Amino acid sequence: MGGERLILCYNGKSFPSVSVTGGRCAQMCEHCRGRHLSGMTATETLDSLLAEARRTKAFGGSGLLISGGADTGGRVPVADHADAIGRIVSEGLEVNVHAGFIDREEAERLVRSGVTRFSVDVHQDREIIRDFMHLDKEPEDYGRLIDTIREAGGIPVPHITLGFGEKDLFLSLRLLESKGMKDIIVLALVPTPGTVTEGSTMNEDAVAGAIMMMSATGFSVTLGCMRDRTLRGLEIKCIQAGARRIANPSAGTVRWAEENGFSVETDPRCCCMGI
Ligand code: SF4
């Protein structure tokens with residue numbers, strides 16, 4: 001393992017996450033029910049979005065993840081803020097959007113405003129899509145979304161969340177393979193009060209095992225920021241399993257990586273930006 005590169009992404013204040021819908025979400029996925037929006041800064045107006053961007057720049061930050069809650073069709077109204085995003089990019093910041101199911105026109109509008117990265121949550125199990133995500137979508141719609149973003153000139157960054165079962169995982173990997181996508185952001189369900197995940201904890205070895213399988217089959221894995229921080233051994237196990245980028249690692253993990261001969265580099269941005 002000695003000398004291998006390990007990239008540590010620190011996106012706290014230097015690349016904050018903002019929600020263009022505040023705490024509102026109509027999709028209400030079973031594992032989130034909009035709760036995760038409370039960890040983001042609410043920027044529902046053009047002024048508040050610009051103010052947060054300028055605060056980030058003044059602090060020495062490099063960009064924003066612009067996200068929010070979705071409508072019942074899985075669309076996050078990020079493109080409604082394209083003018084503000086254009087100003088943010090022209091002022092020297094980078095933007096990653098989590099826009100959900102958007103059409104070609106919206107994707108093009110976002111690309112024209114300077115967006116490069118589009119975070120895409122990938123699911124392929126029909127039951128998960130319907131019963132957990134509450135979406136009237138087919139598995140093929142995820143492939144179409146990836147194509148739409150690419151045709152508009154954007155870079156789709158696939159996110160795979162572990163905890164939705166093997167069928168969803170394996171079919172999602174097959175989709176990414178068929179699209180020639182090598183980079184994956186891996187997330188893992190977090191126990192969230194008021195949702196079906198409350199009181200359930202992911203198994204560290206199962207997460208690491210999935211990452212090992214992905215790495216062995218040629219994927220380049222990033223351990224993204226949505227994961228259960230109470231799983232103290234998770235980060236190191238995921239690195240041992242092949243993850244070579246990790247969002248917001250603990251100090252103990254950084255020490256371990258240095259002591260174990262990794263060539264550690266840091267990136268003060270959202271982990272999607274290096275992909
Ligand atoms: S669409 Fe996003 S914010 Fe809304 S419930 Fe699902 S994961 Fe949470």
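## Ser119

In this predicted model, Ser119 is buried, because 21 other C-beta atoms lie within 10 Å and the cut-off for a buried residue is 20 or more. Ser119 is found in strand S6, which covers residues 117-121.

Leaving aside neighbours within four places in sequence, Ser119 is in contact with Asn96, Val97, His98, Val157, His159 and Cys272. Ile155 is 36 residues away from Ser119 in sequence, and the two C-alpha atoms are 8.5 Å apart in space.

## Strand S5 beside S6

Two of the residues in contact with Ser119, Asn96 and Val97, belong to strand S5, which spans residues 94-97. S5 and S6 pair in the parallel sense, with two bridges between them. Across this pairing, Val97 stands opposite Phe118 of S6. The two strands and helix H3 (residues 104-112) make a β-α-β unit, and this unit is right-handed.

Which way do the residues of S5 point? Glu94 and Asn96 point one way from the strand, while Val95 and Val97 point the other way. All four are buried.

## Strand S4 beside S5

S5 also pairs with strand S4 (residues 63-67); the two run parallel and are joined by four bridges. Between S4 and S5 the chain passes through helix H2 (residues 82-90), in a β-α-β crossover that is right-handed.

Definitions and conventions:
Residues numbered from 1 in each chain as written. Predicted model: local features only at pLDDT ≥ 70, side-chain atom pairs only at ≥ 80, totals over all residues. Buried ≥ 20, exposed ≤ 12 C-beta atoms within 10 Å, placed from the backbone. Pairing = 2+ DSSP bridges. Right-handed = clockwise from strand over helix to strand, strands pointing away. Contact = placed C-beta atoms within 7 Å.
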